[in-house]
Amino acid sequence: MITCLGYYDSIKQSNTMNLLSVLRSGFCIAAMLITQDTIAQMTTQFLEPNISITYDTTRFKPYKRDIFTFRVQGEQTEIKLSPGLSEKAPSLDNKKTTNLSELEDYYKNTIDRLKKDPGSFSLSGNPVIEYERKPLKMGSFRGFSFVEEGKSDKKRYAQIFASHLSANDYTSIHLRSFEQKPVDIQYQILTEFLKGFKSYSAAELATHEADIRKKYTVVVSKAETVPASLQQRAKEYIALVRTKEPMQDKIKEVYISVDGYAEVFSPNEKGEIYIATKSNKKGMIERTGRLIVISPIGKHISIPFSFQYEQQ
């Protein structure tokens with residue numbers, strides 16, 4: 001009997017330990033999820049003429065930008081985003097595609113061409129050894145994918161081409177992988193990235209810019225002290241540029257127009273912007289400038305202002 005009680009006590013203790021282990025594991029998983037959410041650093045990038053992309057910079061790091069494209073890199077993955085107007089949409093049977101259904105038909109046609117000549121779609125010259133049989137659907141994006149084999153290392157690398165077509169835009173996107181991961185994995189990566197995609201009409205952008213400009217009144221006042229960054233220009237007119245209203249958006253820079261050119265001043269570590277300017281003329285001098293604000297959608301909004309100062 002004593003032996004049996006010991007046996008049952010052992011089972012009870014084992015069950016308790018198992019329960020504690022499960023609770024501890026659940027707590028660890030929850031903590032990991034909370035940590036991941038906490039360390040995520042979301043940012044929004046506006047791309048001319050009319051799209052924005054919101055993404056996690058801890059997962060997708062921007063590394064190259066020009067006037068036509070925006071690129072980010074993840075873990076062994078590169079994504080290139082190329083915005084444009086809807087007039088740049090591709091043609092099918094000599095007719096411009098105008099909606100998602102027609103865009104899907106365009107990619108069906110593209111896949112048919114891929115079947116006939118797989119090599120023509122490889123930008124690197126590597127042979128295409130696998131491709132999708134039907135267009136991919138990623139939210140409001142349509143596209144296709146294929147896998148190529150490296151000539152030298154014989155490894156498999158996935159590529160995905162896709163587009164977004166609306167009355168506002170035609171945006172193309174290209175993902176390429178630098179490691180041997182299945183297309184499905186790359187598809188998930190791209191789908192996650194595109195969750196933050198949004199396009200805007202010209203009217204929406206005009207209203208957005210007007211609303212930002214209405215929020216702020218720019219004030220220019222003579223600086224009480226000369227900041228270290230402008231010590232070499234201490235004999236000029238040194239001023240602090242701010243807004244009368246509390247700043248709710250990020251300030252990028254200030255442009256001051258001087259005799260046909262613009263001088264750029266950036267915020268200091270406190271977010272303050274000091275400017276310096278001078279004139280060869282004496283008396284009251286008037287200057288114009290532009291405060292550049294980064295709006296919530298990542299667009300740079302220019303707020304014009306003017307000020308006067310006395311040149312001794």
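**Loops, sheets and a helix: a chat over the model**

Biologist: Where does Lys 154 sit?

Modeller: Lys 154 is in the loop between strand S10 (141-149) and strand S11 (156-165). Strands (E, at least two residues) and helices (H or I, at least four) are DSSP runs, numbered from the N terminus.

Biologist: Buried or exposed, that Lys 154?

Modeller: Lys 154 counts as exposed, because its relative accessibility is 54%. The cut-offs are under 20% relative accessible area for buried and over 50% for exposed, with partly exposed in between (1.4 Å probe, protein chains only). Its phi is near 60°, a positive value in a residue other than glycine.

Biologist: What am I looking at, by the way?

Modeller: A predicted model, where local features need pLDDT of at least 70 and side-chain atom pairs count only at pLDDT 80 or more, while totals for chains, interfaces and linings use all residues. Residues are numbered from 1 along each chain as its sequence is written, and side-chain values use heavy atoms, with hydrogens and water left out.

Biologist: What's the mean pLDDT?

Modeller: The protein's mean pLDDT is 84, and 84% of its residues reach 70 or more. The pLDDT score is the predictor's confidence in each residue, from 0 to 100. For residues 1-38 it is below 50, and that stretch has zero contacts in the model beyond near neighbours in sequence. A contact here means heavy atoms within 4.5 Å. Where pLDDT is low, the predicted coordinates should not be read in detail.

Biologist: How many helices and strands are there?

Modeller: Four helices and 20 strands. Of the 312 residues, 40% are buried.

Biologist: Pick a helix. What length should H2 span, and why does its actual span agree?

Modeller: H2 covers residues 100-116, and its 17 residues should span 24 Å at 1.5 Å a residue; the end C-alpha atoms are 25 Å apart, which agrees. The expected span is 1.5 Å times one less than the number of residues.

Biologist: Which residues of H2 are buried?

Modeller: Among them are Leu 103, Tyr 106, Tyr 107, Thr 110, Ile 111 and Leu 114. At the start of H2, a side-chain oxygen of Asn 99 comes within 3.1 Å of the backbone nitrogen of Ser 101.

Biologist: Switching to sheets. What's the strand order in the one with S14?

Modeller: S14-S15-S18, an open sheet of three strands with antiparallel pairing. Strand S14 (218-222) and S18 are at the edges with a single partner strand each, so one side of each has no neighbour in the sheet. Strands count as paired if DSSP finds at least two bridges between them. Strand S15 (residues 237-243) is joined to S18 by five bridges, and Val 241 stands opposite Ile 273 in S18.

Biologist: What about the sheet with S1?

Modeller: Another open one, three strands in the order S1-S2-S13, with antiparallel pairing. Its edge strands are S1 (42-47) and S13 (197-199), each pairing on one side only. Three bridges join S2 (residues 51-56) to S13, and Ile 51 stands opposite Ser 199. The loop between S1 and S2 holds Pro 49, and the peptide bond from Glu 48 to Pro 49 is cis, with omega near 10°.

Biologist: How many residues sit between S4 and S5 in their hairpin?

Modeller: Two, and Gln 76 in the turn has a positive phi of about 60°. S4 (residues 70-74) and S5 (residues 77-82) pair in the antiparallel sense over five bridges, and Val 72 has Ile 79 as its bridge partner.

Biologist: Last one. What does Gln 311 touch?

Modeller: Lys 278, Ser 279, Lys 281, Lys 282, Gly 283 and Ile 285, not counting residues up to four places away in sequence. Gln 311 is in strand S20 (residues 300-311) and is buried, with a relative accessible area of 16%. A polar atom of its side chain lies 3.1 Å from the backbone nitrogen of Ser 279.

Biologist: And Lys 281, where's that?

Modeller: In the loop between strand S18 (273-277) and strand S19 (283-294). Lys 281 counts as exposed at 62% relative accessibility.

Note on methods. A polar contact is a pair of N or O atoms within 3.5 Å; within protein, one must be able to donate a hydrogen and the other to accept it, and residues adjacent in sequence count only if both atoms are side-chain atoms.
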